[in-house]
Amino acid sequence: MLSRIAESMFWIGRYVERAEDTARLLQTHLKMLIEDTTGAEVDACRNLLALMSVDHVKDPTPTDLLRVLGYDPSEPTSIYSSYAAARDNARRAREVIPLDLWECVNTTWHQLPTAPFGTTGAHVFLNWVRERSAMFGGISRGTMVRDDGWEFMSMGRSLEQVDMTSRLVASASLTHGSRQWPAVLRGCGGHDAFLRTYRGLYTDREVAEFLIVDARFPRSIMHGLIAASDSLQKVAQNNMLTASHAQTAIRSLGQLRARLEYADLEDLLANLDREMSAVQDVAAQVTITVATSYFAAADPTAWITEGTR
Amino acid sequence: MADVLSNYRTGEAFDEMMDAEGSVRPSYKAVASALSRSTSDGLRVIAESLANNYTQAGVTFDVGGVERPFPLDLVPRVIASPEWEIIEAGVAQRVRALEAFLADIYADARVISDGVIPSQLVTSSTHFLRAVWGVKPANGVRIHVAGVDLIRNPAGDVRVLEDNVRVPSGVSYVMTNRNAMITAMPEAFAKQRIRPVAGYPTRLFAALRKAAPPGVDDPTVVVLTPGVYNSAYFEHTLLARTMGVELVEGRDLECRRGKVFMRTTAGLQRVDVIYRRIEDDFLDPVHFRSDSMLGVPGLVNAVRTGGVALANAIGNGVADDKLIYTYVPDLIKYYLREDPIIANVDTWRLEEDEAREEVLDRLEELVVKPVDGSGGKGIVIGPRATKAELDALRLQVTDDPRGWIAQPVVQLSTVPTLIEDCLQPRHVDLRPFAVNNGEGVWVLPGGLTRVALPEGELVVNSSQGGGSKDTWVLSPPPHRSSSGRNSTEHRDEGVDHEQSPTAVPLTVAKIPVGVMPKFAETHRQQQDQQQQGRRRGWRC
């Protein structure tokens, strides 16, 4: 597979997943803001933006949240930007992705709203984003050949999911108290699954266990880490020549898995914010390793003009 | 009664659907009857669905950096079978002659020593590239793909307007137009047999594989695109996708020791055949434009040493120069010893003194074109130019007579086209595509019919905001098809799907389709009673 195409596939996976997760995150927070009676609206909004690494908005309101994370094409973290980037990459990889999948991404991009909307319209929009992403997932699972392209896309998707779940988990730690857990679980689409598995006891310990280390839940951090390592392994097997490059990435994922799996849950909970930052660090680091080993572009050509030597 | 055709009036040009008396030509019977049954609202719905379809599928053409859906008109252009046979033979003949011309001109140039064309004609052409002099392609083919632009004059004769043997584009729209039309107007298809166009990628792929350097059994073919911002990027992706090959950009390729490699996740992989969609100038910064970011340094050397095959070959531009065009009938006689099947449009060569004087006198009634322009750029249409434009043109022509040709204003034929709410005649041309695999020239039955949407406009080019139409070549009547349609068409085994094999009735499968077992009937009845019992309970 062409390196350039592999890179596009990786980022299609990441951006579509990011759009979906951002939509969930936003939806959860909009609901929390309404239920929140303490009146610290600005703080809650600032915290959410901080989670998404946005720090340039002063005294944010829910409208700012919707703009920065939702529809503003000039904000790099917005759902709009994510889908625009996914579409741009899909266009570059147009000949390797199935027609249905391309049409799904392209249609989504065409229908993206750029005009401001209020909180009422927000839920319609966010539901739509989640539906489109679900459609993307379904079409890709149903039509794509399991070749390197698929593995790179899954890898991107898994890493993004790890990153976003860790942010979502960290968001609960901000407000303290188990009061927030139901909303966080809903934000991951794991509320019912959690109730069925743990019989409705919202203790910090159990929710954290479910979201961080329960590999059976497809949005848990552990599930994402395992999926990303699997994809890396397959890519390494298919490309023996460059297989040694993948080892560094596989190792850092494995170390993180071991750390989360065998750590004392109480310790994790006590330092939830720091632990989740570490997860995001690993995701970023693996992305860099994968990029340098598989997506490496040409060395820039240097021309020596006559007379300079 | 809102008959959309009742107000259709043809102009002085030849109309493809109506003859001068206003009756429908035989080839258009089915289309006209489908149209006459529809209302203008119905047509608008179809037109909108065609446009939406294209936007969603990303069938777009970049005009000045903006991605636009390629406008597709819903009235097809229909070509009857006998006429198509002439076009097919004529196009193939031109390609064969130009192929022979290129082989000659990049070797001994006998055509010059035999006095058929003057030597300065070739040496003064900017597209005559000395870097590839003496290079012989492995299977002798330089024009793997050609697009020959045809028009029909008011007398009803088909003429050649220009040849494109460098990187002719537009074939993807032939395929997407057909797909869109089948969904939008299925009833018009049902009435007649229209020859399919979907076989093009297979033919092209086969021809590209045959072009591979000697000794390569299973060649790796790639399509080389300038990138996503190129106006024809959609076409490049479609061709790569339908041929199942990689679409590469210049930066994905690397030349090493006369061979070309692409950068993959598994390291460098050898490339044998490149179907390039980049102009010569940008292909190799070592030999041509050194500021090109799109090309691959060292590519020309790889071609010269036979390490890679390029389709179409470098330096083909010398054959589709508009001045060479005027000599093509002579070239056909010289190389093939045949008479041209399709004639040229009358053309004045402005470097000849007499012709130039005559043209400069009549500038306001002629069309003047730059010889190496493409995409309708630089064309001056005399009757519509201002005095200042004509004066400027006169100066340019006197300065550089080699750079210009002149032609009479030809009223291109018209086809009904949906403009707002009604059908109006609009001028069209036709670009059939030919693929040369070294053993024969195959012409795609169909082609890109481009239509100029403004009223009276004669320049039909996609980069000038033109639209397109689906082109239907009707199948010959069944009793003729078995005897072979045309001598110029070669048949690859397993490529031609036009003749469906005799259908064998399917035997009914022995194992029935699995279904989920039903609840036992008694169980269901019990549930039912339970419910009834409960309901009764509530009532009490």
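Predicted model: local features only at pLDDT ≥ 70, side-chain atom pairs only at ≥ 80, totals over all residues.

## A four-stranded open sheet

Let's start with an open sheet in chain B: four strands, ordered S14-S17-S15-S16, with antiparallel pairing. Strand S14 (348-349) and strand S16 (380-381) of chain B sit at the edges with a single partner strand each, so one side of each has no neighbour in the sheet.

Further in, strand S15 (residues 366-370) and strand S17 (residues 404-408) of chain B run antiparallel to one another and are joined by five bridges. For a landmark in this pairing, look at B:Val368, whose bridge partner in S17(B) is B:Ala406.

## Two domains

How is chain B divided? Domain 1 takes in 26-345 + 410-481, while domain 2 covers 347-409. Going by C-alpha atoms, the centres of domain 1 and domain 2 of chain B are 27 Å apart.

Now for strand S23 (residues 467-473) of chain B. How many of its seven residues are buried? Six are, leaving the strand mostly covered.

Which way do its pairings run? With strand S3 (residues 72-79) of chain B, S23(B) pairs in the parallel sense, over five bridges. B:Ile79 has B:Val473 as its bridge partner in S23(B).

Strand S22 (residues 448-451) of chain B, on the other hand, runs antiparallel to S23(B), and three bridges join them. Here you can find B:Arg450 standing opposite B:Ser468 of S23(B).

Note on methods:
Residues numbered from 1 in each chain as written. Chains lettered and ligands numbered in written order. Pairing = 2+ DSSP bridges. Helix = DSSP H or I, 4+ residues; strand = E, 2+ residues; numbered from the N terminus. Domains from an automatic or database assignment. Buried ≥ 20, exposed ≤ 12 C-beta atoms within 10 Å, placed from the backbone.
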